[in-house]
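Hi there,

Here is the structure I promised to pass along. Have a look at it first, and my notes follow below.

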Amino acid sequence: YPSVVESSSDGVPLLVITADRPYENRDNGSNQSVDQVKIFSSTYVRWFRDIPPPSDDVPVSLALSDANHAVTLANQLAGPVHLNVQFRENLAPDQGPIRNDNRIGSVTKFHTLRFTDVPGFARWSQSGSRWQRAFYPGKNVNHSIIEVAELILQSRRGIIVAGNLRLSNNDANEADSLTSIISHFATVAGMPILAGVQSGALRRERPVIPFAEHLLKHPSISKGLRPDFILQLGSPLISTEISKMITNAVMHNVQTSHVLVQRLYPYERADPEFTVTHRVSSDIGDFLKSLTSYIESLGQQATMKCSELTPLLHLGRELQKEMPSIIEETSRAVNSQTVEKTPNDSILTEPEIMSAISDVLSELSSEKLRGSSLFLSNSMPVRDGEFFLYPRQVTENDQTAHMQTSLSGFPLSVNVNRGASGIDGIISTAIGCGDTFTPTTLVCGDVSALHDLNGLYGLTSDLPSLSNAQSKLHSRVPLTTIIVNNGGGAIFSFLPIAKHGQDVGFEEFWGTPTKSISFR
């Protein structure tokens, strides 16, 4: 304990590793067992991690990532970090009985190939380098410019992935500037962009592959993609197809680099699949401007590069032309099978709703959109946005289309609560966006709306604490709410448990039907 205190007080990096009993021997009177979880005060310890016993159910990438993160934080935060590692007897790596466990089949089992069958292990074990290179302010973030530039120049199949870009505020100028910086960098580096819906206005830029998630679902494309350099700007990523592409690339090519650039808070890892090879904690715009300048300084040979994955742009634009008719025909087929509707009902499918929103946005002028905000609820709306919310295709008779660097008519800001990805407080959060007098459109599901109906009180002027002038001002929160009523938790119908129906009480406990409630 004195060394932990001294390390913390003097700002000396220290890695503390302790051995502990497994979960089943904790807090039940087992011999030689004390509570070691956060045994050192958080006043001194910069970060703590309780690591489960070695098992092939827990991949080696987790342990390697934990160890790498611990060393990074000890250096970055200048102090002690604590790894508490559980062990279960038999402690030997070979199979053997588990001590004091007389149940049938209670032997230590360990399959080495399963344990190491994870992205990044082959690269790490063959190269002898660190699991992950970390660059952070005040230490070595400037060195990352040269290293990342070299990776780009060595690559042949580079691609850019954009997640939540984490704008410091809902400022239209900041969003517009960052979008232009990313687009210009992509042009200089010769790489296409996979832009998640959280990147907002970036989806209007010409280097972005439209409807990329649909392309990635095609087996020939997903198998043949094989990027050798992935530059991820911001996190998290919503698209499972993009995450799967990254995992497969790192898994099957030891030379693939996955660079994450994001202004990370001190303890943040932002690497759920353990694929990140280089982590740069920096403002995205500042980093890309420096990286672009460095590449341009290397001359024409560097700026004339073109990724072998750029044909995806053509495929995406061809799909963009066909998508309206695909959505219309598929929706017509779905509606023809819908029995619970009256002749006066007009039913829109969820893809049609997102397509309609995209059409409206495309028709608005840039000035009207400037400072506007779209808020997508978790569950289905954000996934529908990820798949279908793209700008309208530029028509062939638009004489200026080939000269455009971007498509006008798309929101500068798309907000999503993806911290914990819950459905609570969605309406209240959207009202908070609108309360800054930013015109906000909220798209949420019926269950999400029911969870936060009382949030609508924030739209009323009946607030006794306000003066008359303030009350009138408060009642003009520019919020438009679209509730997608799909009869309950429709997203759970995609889970395997749905096929068991009433045998497991699916509708009652999972589907949570809302048929008895009207939002009219």
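**A parallel sheet and its helices**

Strand 2 and strand 3 (residues 80-86) run parallel and are joined by five bridges. Across this pair, Trp47 sits opposite Val81 of strand 3. Please keep in mind that this is a predicted model.

The two strands belong to an open sheet of three, ordered 1-3-2 with parallel pairing. Strand 1 (14-20) and strand 2 (47-51) are the edges; each has a single partner strand, so one side of each has no neighbour in the sheet. From one strand to the next, the twist averages 15°.

Two helices lie on these strands. Helix 1 (residues 2-10) lies across strand 1 and strand 3, at about 150° to strand 1. Helix 2 (residues 60-76) lies across strand 1, strand 2 and strand 3, at about 165° to strand 2.

Further along the chain, I also looked at a helix pair. Helix 13 (residues 350-363) packs against helix 15 (residues 380-388) at an angle of about 65°, and their axes are 9 Å apart. Their crossing is right-handed. Helix 13 contributes Glu350, Pro351 and Met354 to the contact, while helix 15 contributes Met380, Pro381, Asp384, Gly385 and Phe388. By class, that makes five nonpolar, one polar and two charged residues.

As for the whole protein chain, there are 19 helices and 13 strands. Of its 520 residues, 46% are buried. The accessible surface comes to about 27,100 Å², with 53% of it belonging to carbon and sulfur atoms. Among contacts between residues at least 6 apart in sequence, 75% join residues at least 24 apart.

Enjoy exploring it!

Best wishes

Methods: Residues are numbered from 1 along each chain as its sequence is written. This is a predicted model: local features need pLDDT of at least 70, side-chain atom pairs count only at pLDDT 80 or more; totals for chains, interfaces and linings use all residues. Side-chain values use heavy atoms; hydrogens and water are left out. Axes are lines fitted to C-alpha atoms, for helices over the stretch in contact, and angles run from 0 to 180 degrees between N-to-C directions. Helices (H or I, at least four residues) and strands (E, at least two) are DSSP runs, numbered from the N terminus. A crossing is left-handed if the near helix is turned anticlockwise from the far one by less than a right angle, and right-handed if clockwise. Contact means heavy atoms within 4.5 Å. Ala, Val, Leu, Ile, Met, Phe, Trp, Tyr, Cys and Pro count as nonpolar, Asp, Glu, Lys and Arg as charged, and the others, Gly among them, as polar. Buried means under 20% relative accessible area, exposed over 50%, partly exposed in between (1.4 Å probe, protein chains only). Accessible areas come from the Shrake-Rupley method with a 1.4 Å probe; for residues, only the protein chains shown count as cover. Two strands pair if DSSP finds at least two bridges between them.
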